[in-house]
Amino acid sequence: MPALESRIPTDRSARYLRQFRTHAEAMASPRGHRVHAGNPRAAGEIHLRVDGSDTRTTAHFDPWGHCTLTAEPEALVMRIDATDATALHRIRDILTRDLTRFGDSLTVDWRDPD
């Protein structure tokens with residue numbers, strides 16, 4: 001199963017995790033596909049489900065895979081586990097786009113976890 005990780009140094013990790021979770025929950029709602037035109041969910045490609053807490057959230061992009069975000073005191077840690085390389089890149093692109101939009105100074109650098 002392909003995987004990527006990113007560790008984003010920030011003292012606002014809990015804030016960014018909550019913001020991502022709120023956004024993902026809105027996209028997972030029945031109205032979510034209307035918010036983002038061209039969204040793969042709108043075309044029926046994926047089913048988004050979100051669960052978690054203020055310190056750890058998992059977004060399930062079924063059937064592509066999932067991403068877990070963990071708020072640490074000095075960093076937001078993200079890990080993607082996907083079914084294949086195409087799904088991995090799709091989830092990576094969604095997360096990178098959302099996180100950089102939430103925080104202008106955030107830099108998301110992905111790496112192989114091994």
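Modeller: Contact means heavy atoms within 4.5 Å. This is a predicted model, where local features need pLDDT of at least 70, side-chain atom pairs count only at pLDDT 80 or more, and totals for chains, interfaces and linings use all residues. Residues are numbered from 1 along each chain as its sequence is written, and side-chain values use heavy atoms, with hydrogens and water left out.

Colleague: OK. Which residues does Pro113 touch?

Modeller: Ala3, Leu4, Glu5 and Arg79, leaving aside residues up to four places away in sequence.

Colleague: And where is Pro113 in the chain?

Modeller: In the segment after H3. Helices (H or I, at least four residues) and strands (E, at least two) are DSSP runs, numbered from the N terminus.

Colleague: How far apart are the C-alpha atoms of Pro113 and Glu5?

Modeller: 5.7 Å, although the two residues are 108 apart along the chain.

Colleague: What stands opposite Glu5?

Modeller: Arg79, in S5. S1 and S5 run antiparallel, joined by seven bridges. Two strands pair if DSSP finds at least two bridges between them.

Colleague: How many residues of S1 are buried?

Modeller: Five of its seven, so S1 is mostly covered.

Colleague: Which residues of H3 are buried?

Modeller: Ala87, Leu88, Ile91, Ile94, Leu95, Asp98, Leu99 and Phe102. They cover an arc of only 135° around the axis, which puts them on the same side of H3. The arc is that of the directions from the helix axis to the C-beta atoms.

Colleague: What do they pack against?

Modeller: Strands S1 (3-9), S3 (56-62), S4 (65-72) and S5 (75-82), plus helix H1 (13-28).

Colleague: How many residues are in the largest nonpolar core?

Modeller: 30. Such a core is a set of buried Ala, Val, Leu, Ile, Met, Phe, Trp, Tyr and Cys residues joined through side-chain atoms within 4.5 Å. Phe20 and Leu99 are among those with the most contacts inside it. H3 supplies the largest share of this core, seven residues.

Colleague: What does Phe20 touch?

Modeller: Ala59, Leu69, Leu95, Asp98, Leu99 and Phe102, again not counting residues up to four places away in sequence.

Notes:
Buried < 20%, exposed > 50% of the residue type's maximum accessible area, 1.4 Å probe, protein only.
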